[in-house]
Amino acid sequence: MVATVTGTLAGVVATAVLAGVGVVAGDGAEPRYWVRVGARFAPPTAFIPSSAITYDQKLVPAGSAIEVEQRSRPGGREGQGERGERGGMAVTVRVKGLQPGHAYGAHVHQKACGADPEAAGGHYQHREDPKQPSKDPAFLNPRNEVWLDFTVGPDGAGEATARHDWEFRAGGAGSVVLHREPGGAGDRVACFTVPFVSGG
């Protein structure tokens, strides 16, 4: 069992190194950067720690998998932002092995995961609410944050993508948190630390 977990984690590290962050110097038709990382969930007390932590093994069983992808959106007509600016980004989450039929909430959070579910901090916000924790709908909404709610299919898999005409600030985004139910809040059932790229 230990050998299997070690092999899995080694594979995750290899993925992060080889395919984790790509930078493309293109003509606007290709993304400027691309991040894709994955891991298998383990409890906070696992002998071999994982970048993906489950706090509720009924909803997010140990050994279930998550992958997060972040892509810059190219400029020009196809990638132009809603207000005319160039670029933006898309964030996708994919999961396997979760509870079939369950609807999960998911958001990008400010900090890396920890043994305490609250370690990931609050939601990443493009326009930061001056009052924290944020409860104002003017800031706490899917246009100003990255919401990735999804419902798991009969095969235990689910996927969601959020597209925005803005990009992360340097050091502002650190993880994807899965919540018990969709929407703006809810109990944190799992967390995955992600090396997001800023748009600077």
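Tutor: Two strands pair if DSSP finds at least two bridges between them, and the strands are DSSP runs of E of at least two residues, numbered from the N terminus. The model here is predicted, so local features need pLDDT of at least 70 and side-chain atom pairs count only at pLDDT 80 or more, while totals for chains, interfaces and linings use all residues. Residues are numbered from 1 along each chain as its sequence is written, and side-chain values use heavy atoms, with hydrogens and water left out.

Student: OK, which strands form the open sheet, and in what order?

Tutor: The open sheet is built from five strands, arranged as β3-β10-β9-β6-β7, and their pairing is antiparallel. At its edges stand β3 and β7, each having a single partner strand, so one side of each has no neighbour in the sheet.

Student: How many bridges are there between β6 and β7?

Tutor: There are two bridges, and these two strands pair in the antiparallel sense. Tyr104 has Phe150 in β7 as its bridge partner.

Student: Switching topic, how many disulfides does a search of the whole structure find?

Tutor: The search finds one disulfide, a term that stands for a pair of cysteine sulfur atoms within 2.5 Å. Cys113 and Cys191 form this bond, with 2.0 Å between their sulfur atoms. Cys113 sits in the loop between β6 (103–109) and β7 (150–151), whereas Cys191 belongs to strand β10 (residues 188–193), so the pair ties together parts 78 residues apart in sequence.

Student: Left-handed or right-handed? And are the two cysteines buried or exposed?

Tutor: The disulfide is left-handed, because the torsion about the S-S bond of Cys113 and Cys191 is about -85°. Cys113 and Cys191 are both buried, where buried means under 20% relative accessible area, exposed over 50% and partly exposed in between, for a 1.4 Å probe and protein chains only.

Student: What about salt bridges, how many does the structure hold?

Tutor: It holds ten salt bridges, each a side-chain nitrogen of Lys or Arg within 4 Å of a carboxyl oxygen of Asp or Glu. One of them joins the side chains of Glu67 and Arg94 at 2.7 Å, N to O, and this pair links distant parts of the chain, with Glu67 in strand β4 and Arg94 in strand β5 (residues 89–96), 27 residues apart.

Student: Which other residue forms a salt bridge with Arg94?

Tutor: Glu69 does, and the closest N and O atoms of the two are 3.6 Å apart. Glu69 is buried at 11% relative accessible area, while Arg94 is partly exposed at 27% and Glu67 is partly exposed at 25%. Arg36, Glu67, Glu69, Arg71, Arg94 and Glu159 are linked in a salt-bridge network.

Student: And what does Glu118 meet in a salt bridge?

Tutor: The side chain of Glu118 meets that of Arg188 at 3.6 Å, N to O. Since Glu118 is in the loop between β6 and β7 and Arg188 in strand β10, the pair ties together parts 70 residues apart in sequence. Glu118 is exposed, with a relative accessible area of 51%, but Arg188 counts as buried at 17%.

Student: Last one: where does Ser64 lie?

Tutor: Ser64 lies in the loop between β3 (52–54) and β4 (65–72), and at 4% relative accessibility it counts as buried. Beyond its neighbours within four places in sequence, Ser64 is in contact (heavy atoms within 4.5 Å) with residues including Phe41 and Leu98. A polar atom of the Ser64 side chain lies 2.6 Å from the backbone oxygen of Pro61.

Key. Helix = DSSP H or I, 4+ residues; strand = E, 2+ residues; numbered from the N terminus. Polar contact = N/O pair within 3.5 Å; in protein donor to acceptor, adjacent residues only side chain to side chain.
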